[in-house]
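Here are my notes on this structure, written as numbered points. Please keep the model open while you read.

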Amino acid sequence: MTDSKAPSKRPRKTAPPAKADTLQESAAHASVAHDNVAPGAAARDGAAEAADAGTKDGAPKLSPREAAVEALMRLAAEQPWNDIEVSDIAREAGLTLAELRDLFPSKGAVLGGLTRIIDRKVLEGDLTGLEEEPTRERLFDVLMRRLDAMEPYKPALRRIAYALRGEPLSMLALNGVMLNSHRYMLAAAGIDTEGSLGQLKLQGVVIAFARVTQVWLDDDDPALARTMARLDKEIRNGERIMERAEDVRRLTAPLRAIGRSFLDRRPRERRGRDGDESDPAAAI
């Protein structure tokens, strides 16, 4: 269709050749203007130009939150987790400290922001026909999609996992982040998470996926044979645990009814306010 279009009747105008002295004056003015730009402004302008260039090349422009997360992942892939400061993240992302503070309360919260990016990649994927599969296959497929979405960040995640392994408080905070994340993974797999058994499923999947992730971090096989074998094993173990939990639930139904009657008489505690300050990842 492009070849059949008639040529434009309006010829493109060509600019007259510039005089040598005019070119020299323009170059001089440009040099002075460049020298007068503040270093911070130049860095921010450079980051903006890079973002615009990425948009022109066809890549979507990152939001400030995404830019901060990507900056942290680049830094974590190259240096130890404990050496990274919030000022490093802001500088790498082309943000001021004030802008980063409005987005995230801590370095750990930026890491928690990665889970939202991964969640969105999985949930926006084509899940057509997945509902027709058995529960085990649905969960296996969703969690493998999650690992696929994590692949670009594997070097950084390997370093971070090693650094946090000896910090129980950070691991506890990370568990809270993953509970929120895997609630949506189970929903994508058509698995209920409400009620006492639902919470047990949720926590079980978080623990199982953490074990699978440890295998995945060291699995350099493109086919991920070891990772898939471990994931299949964890899902089968989870099924057996849930079957036993169902039996226990039926046997303890009368006791739970009595317990609920006592709890209903107690005043309910006020919930914490929403916002970034309550983000469990902020404690990492």
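Predicted model: local features only at pLDDT ≥ 70, side-chain atom pairs only at ≥ 80, totals over all residues.

1. **Overall make-up.** How many helices and strands are there in the protein? There are 12 helices and zero strands. Read along the sequence, the pattern is α-α-α-α-α-α-α-α-α-α-α-α. The protein has 284 residues, and buried residues make up 30% of them.

2. **Contacts across the sequence.** Take the contacts between residues at least 6 apart in sequence. Of these, 70% join residues at least 24 apart.

3. **Helix H10 on its own.** H10 covers residues 195-217, which is 23 residues. From its first C-alpha to its last it reaches 33 Å. That is close to the 33 Å expected at 1.5 Å a residue. The buried residues of H10 include Leu197, Gly198, Leu202 and Ala208. Val205, Phe209, Val212, Thr213 and Trp216 are also among the buried residues of H10. Keep that second group in mind for the next point.

4. **H7 against H10.** Helix H7 spans residues 135-150. H7 and H10 pack at an angle of about 50 degrees, and their axes are 12 Å apart. That angle makes H7 oblique to H10. H7 passes H10 in a right-handed crossing. Which residues of H10 does H7 meet? They are Val205, Phe209, Val212, Thr213 and Trp216. From H7 come Leu139, Leu143, Arg146, Leu147 and Met150. By class, the contact of H7 with H10 has eight nonpolar residues, one polar and one charged.

5. **H7 against H9.** H7 also packs with H9, at an angle of about 130 degrees. The axes of H7 and H9 are 9 Å apart. H7 and H9 are therefore oblique to each other. Their crossing is right-handed. H7 contributes Leu139, Val142, Leu143 and Arg146 to this contact. H9 contributes Met178, Ser181, His182, Met185, Leu186 and Ala188. The contact of H7 with H9 divides into seven nonpolar, two polar and one charged residues.

6. **H3 against H4.** Here the helices are H3 (residues 64-76) and H4 (residues 86-93). They pack at an angle of about 115 degrees, with axes 8 Å apart. That makes H3 roughly perpendicular to H4. The crossing of H3 past H4 is right-handed. On the H3 side, the contact is made by Ala67, Ala68, Ala71, Leu72, Arg74 and Leu75. On the H4 side, it is made by Asp88, Ile89, Glu92 and Ala93. The classes in the contact of H3 with H4 are seven nonpolar, no polar and three charged.

7. **Thr115.** This residue lies in helix H6, residues 107-123. Is Thr115 buried or exposed? Its relative accessibility is 13%, so Thr115 counts as buried. Leaving out residues up to four places away in sequence, Thr115 touches Arg146, Val177, Met178 and Ser181.

8. **Thr193.** Look in the loop between helix H9 (168-188) and H10 for Thr193. Thr193 is buried, with a relative accessible area of 9%. Beyond four places away in sequence, Thr193 touches Arg183, Leu186, Gly198 and Gln199. Thr193 and His182 are 11 residues apart in sequence. C-alpha to C-alpha, Thr193 and His182 are 9.7 Å apart in space.

9. **Leu224.** Most residues other than glycine have a negative phi. Leu224 is not a glycine, yet it has a positive phi of about 55 degrees. Leu224 sits in the loop between H10 and helix H11 (225-251). With 9% relative accessibility, Leu224 counts as buried.

10. **Ala282.** This residue is in the segment after helix H12 (253-265). Ala282 is partly exposed, with a relative accessible area of 24%. Which residues does Ala282 touch, not counting residues up to four places away in sequence? They are Pro105, Ser106 and Ala109. Ala282 and Phe104 are 178 residues apart along the chain, and 8.1 Å separates their C-alpha atoms.

Note on methods: Residues numbered from 1 in each chain as written. Heavy atoms only, no water. Axes fitted to C-alpha atoms, helices over the stretch in contact; angles between N-to-C directions. Helix = DSSP H or I, 4+ residues; strand = E, 2+ residues; numbered from the N terminus. Parallel < 35°, antiparallel > 145°, perpendicular 65-115°, else oblique. Left-handed = near helix turned anticlockwise from the far one by under 90°. Contact = heavy atoms within 4.5 Å. Nonpolar A, V, L, I, M, F, W, Y, C, P; charged D, E, K, R; others polar. Expected span 1.5 Å × (residues − 1). Buried < 20%, exposed > 50% of the residue type's maximum accessible area, 1.4 Å probe, protein only.
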